[in-house]
Amino acid sequence: MKRKILLYILSVPIMLFLSLLLVSCPSQISEDILLQAKDETGPVITITSPQDGSPYSTVVEVSGTATDRASENGDMGGIKSVYYEVLATTIKGEIFCSGDGFFCFDFSTSGLSGSLVVKINAIDWNENSGSASITLIDTDSDIPSFTATAENHKITLNWDPVPLAESYTLYYTTNNSYPNIGQGGTNGFVRNNVLPGEMLTADEDGNPIQNGSMHILQLMANLPDGYEDAWSGFVKVVPLSRLSLAPVVSTNKCGQVSLWWKEIAINEYEVWRSKLQDEEVFFNLTGTISENSYTDKTAEDGKNFYYRVKPSSCSSVDSFSVPGQTSPTIDKVTGTYDTGLTSTSGVDIKVEADNTYAYIADYYGKSMTILNISNPATPMLESDIVFPNYPASPGYDVILPTDVVVAEYNSKDYAFVTDRYCGLQIVDISNPASPVLEKQVNIIYYPTNDCRIQGNYVYLAARGTDTEPLPWHGCGWLQVVDLDEVMADGMDQYLVHSETPTGTGEYQEITCYIDDHSVWGLDVEGDFAYLACDDAGIKIIDISVPAGVTDASLIDSCDTPGNAHAVDVGGSYAYVADYSEGLQVIDINPAHTGTYLTIVGSCKTQNVARDVCLVYPYAYIADCFGGVATVDVSDPTDPTIFYTYSTPGSALDVVFDGDYIYVADSDRGFHIIDDSESFIKPAYLGSHESETLMALDVDVAGDYAYVADGRTGLQIIDINEDHVEYLSVIGFCETPGKLSDFNYWSTLSNYGFGVDVVGDYAFFADRVEGLQVIDVNPDHTETYLTIIGSAETPGQAWDVEVYGDYAFVANWDAGLEIIDVSNPNDPVLKAEVRTSCYSRHVHLEGNLAYLAGNSMDLEIIDISDPLNPIHLSSCLTLGSSWDVDTSGDYAYVCCGWKGGPSELQILDVSDPLSPVLVYSMPLNAYGLVFDVDIAGDYAYVATGESAAYYSYLLVIDITDPVRPRVRGSYRNQSGSEYEITYYSRALKLVGDHVYKTDLVYLLKDFRIERKDKPE
């Protein structure tokens, strides 16, 4: 009503004006006068060049059009004047327009800086005005478009023409210095009259362009008199062959790939990585680095990656791609104890009638810690003992424990602790809650690394001092300590030093000298001691008469390819932890081979083998940063890594007892690994990947996977096993709810797209566009995918599940929507249930619908009558609930939020009116938990963590719902090429396959395989 009144009021003066004209004019009003009275439209100005936001150079040329229309019916008016001005300057002037309104003018920017606003004004024949403006950006270069592209022995020049330029001159150097010949200096070469697109293949002296050298170039545009010449900035390029920087893969380890490449005359490189050799989409993994080597610690376990190297920001040439592969690991740490110290160096286990204890040597803690590990999941501190320094060892009086061995002597339990500098600590552990240091044996200048007890003798691996000019520098020893003599003496501390005892506290030393080689470890079997002698391999000492062990007791040796750090003997073989060369198996039975010691088998581990524990048919290897490798040695000639357990620190010592592996993990404390059962290893088969997609849900029917993609809509992928290595998209359908722009975390947490396939139709939860019904049967339509029906929903459709004639939609803030889809061409909303949570996911089980939501609730709804659903109960969960699945009387809910705790919560829903939380399984180590699918005794869980750029497929044993256990995992890991790349948003289990989406990974296919230990 107000608008009509306003128009009426405005029309009064116009009508009055026309009436006066009629009264005052004796003749009829001319058409020009009427047109002028009606013309209130100003000129239209369009600036075609340069674009708004462009950089400006020495001379700016502006072009465009100025047009005018006199009236709405298209009568042409006319432009009276056009002029321009550069705001906040004195630059301005008139503009000449051609008959069709085209104009072009230029002005000099000499003396100007900062952003410039160029405004053009026009006035038409009726004094109406119009204007347009652009903003131009200041740069350090007058010719910002100047580029130089380096290739193999050549450089190609390009730039946009500079207005008024009469010619161009290039100044450049080839030795990583800046040219200044154009400014009156003498450094560099000059080339006149160069043209855009010109290629340099030789310098002005005729020398060919050299690969691997830094060229620095600058371009000058020669302008007419009255204008200052225009200069580009300096451009750096390095011509290269693609062979120049091709990296060498020096190590393939657990969770990492190490590279190095040829050094050239620059110190700025970039490492680029891809997942397929022929894929053009390589991403910058490192940014700019100065070294010519790099270790990729974000590589996915067990998969090939491809690497290229290029100079940083000074060349478009990258190297050929080179493959590198990590090795698979399994994270099955059952219990952990953080000693709070910086190096847990050794461990041994004592099983008693009622309890099991772990004895841990703490290097920098100068102590031994005793843990009660009767419950392996929760190691408990029993006691600890800090060792006093030796008073009688000048310069070497600090205790630094290296290893611990528990043994019985004279019907009493002792812990024998070797010491980095001084010898041996003997601790009475008859009462683990109150250990007593009984004796200290000070073996001056002999750092001890390992020991074994046989009868009444202690055999010590002694490394020799590190420091000159002290005696025995750089050598190694087998030191034998007679316990009967030491324990019978009344002194608490003993010196093993002189050849002839001088009194109480000193006695004859018993040693076997190993020339110029450290002794890191040993084992004792019968009449022989087997010494791990660093770069000298294995040596065998005759200890049949312990008191008579001398240098003459060395009876044989076998060099190993690496550095022998530990040895364990079983049967006719010695198993050697050979540092960088992994495990070496040595035949020590002369009846088997012609020589006494022969290497018969070997197996490289992922990192460096520091310790070995033989429990036939397995050898457990403490593999430093590679964790613990379990090697099948049932065939000594062909030892094979059965699997590898990852540990967070550096595994230095390993012991196996019963069903558990016990690991001294250096600065990350002590770990217990459950090795009692078979495990499930998801075997990666193939994937379809694209960084432009955003896969949020997946369903599988027959040979096809149907993926809800937030960027495009519905994708269909061929998952026939014959094609599994390279899964391909064979059909798609753009849906109206697709996202045009997003960031990954916002999309992940605030948007949902879901799909459920029933028969020939895909039911698609399309966010704000509600439910879409898509015909996926090629026989029904001319195109492969066609939307045939849709239904609006009041909220945002996140997920959908179809049962019978109804589609149940998790509808974000609108709760649960029930839609009749008996006629797929005309779905109709029939009922809804408002809930307290923001509904993300819906799961149907019998007559119940379970809703997982954003506001920490699990909702249970009775849908036995779909037209009259009844809300039964809500149950508070931890953080956001992402997904829910059920099995029997239990519901499994994925819970957590970014930066907070993450759990799989298990609820007893046998009474849907009163669900009860029975167990919360922390999964923080795996990141956020997004999706769960139950099959039999296992829950398959998809997780992801943005900070570390990885995601997991977890296999959790739920045989006992109140004691779930992780039984297997597969980790995807990569660099930070995308904001949040590796969140596993959805998975679907079909038979023995798991199909998983990882946002930018449209689909990954895994086969679930159970691996049982060989008998």
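Quick word on what we're looking at. This is a predicted model, where local features need pLDDT of at least 70 and side-chain atom pairs count only at pLDDT 80 or more, while totals for chains, interfaces and linings use all residues. Residues are numbered from 1 along each chain as its sequence is written, and side-chain values use heavy atoms, with hydrogens and water left out.

How many aromatic pairs does the structure hold? It holds 22. Rings of Phe, Tyr and Trp (for Trp, its six-membered ring) pair if their centres lie within 6.5 Å; planes under 30 degrees apart are stacked, over 60 edge-to-face, and the rest tilted. Take Y84 and F105: their ring centres are 4.2 Å apart and their planes are at 20 degrees, so this pair is stacked. Y84 belongs to strand β3 (residues 79–86) and F105 to strand β5 (residues 102–108), so to speak two distant parts of the chain, 21 residues apart, linked by the pair. Buried means under 20% relative accessible area, exposed over 50%, partly exposed in between, with a 1.4 Å probe and protein chains only. Y84 and F105 also share one aromatic cluster with F103 and F107.

Now a tilted example: Y573 and Y575 sit 6.5 Å centre to centre, with 55 degrees between the planes. Both of these tyrosines are buried.

On to a serine. S312 is in the loop between β21 (304–311) and β22 (322–325). Is S312 buried or exposed? It counts as buried, because its relative accessibility is 2%. Its side chain makes a polar contact with the side chain of E270 at 3.0 Å, and another, of 2.5 Å, with the side chain of T288. A polar contact is a pair of N or O atoms within 3.5 Å; within protein, one must be able to donate a hydrogen and the other to accept it, and residues adjacent in sequence count only if both atoms are side-chain atoms. Setting aside residues up to four places away in sequence, S312 touches E268, Y269, E270 and T288, where contact means heavy atoms within 4.5 Å.

Another loop residue is I266, between β17 (256–260) and β18 (269–274). I266 is buried, at 10% relative accessible area. Beyond its neighbours within four places in sequence, I266 is in contact with M214, V238, P311 and C314. M214 is 52 residues from I266 along the chain, yet their C-alpha atoms are separated by 7.0 Å.

Last stop, a sheet. Four strands form an open antiparallel sheet in the order β32-β33-β34-β36, and two strands pair if DSSP finds at least two bridges between them. The edge strands, β32 (448–454) and β36 (510–514), each pair on one side only. Strand β34 (residues 476–482) is joined to β36 by 5 bridges, and G476 stands opposite I514 in β36.
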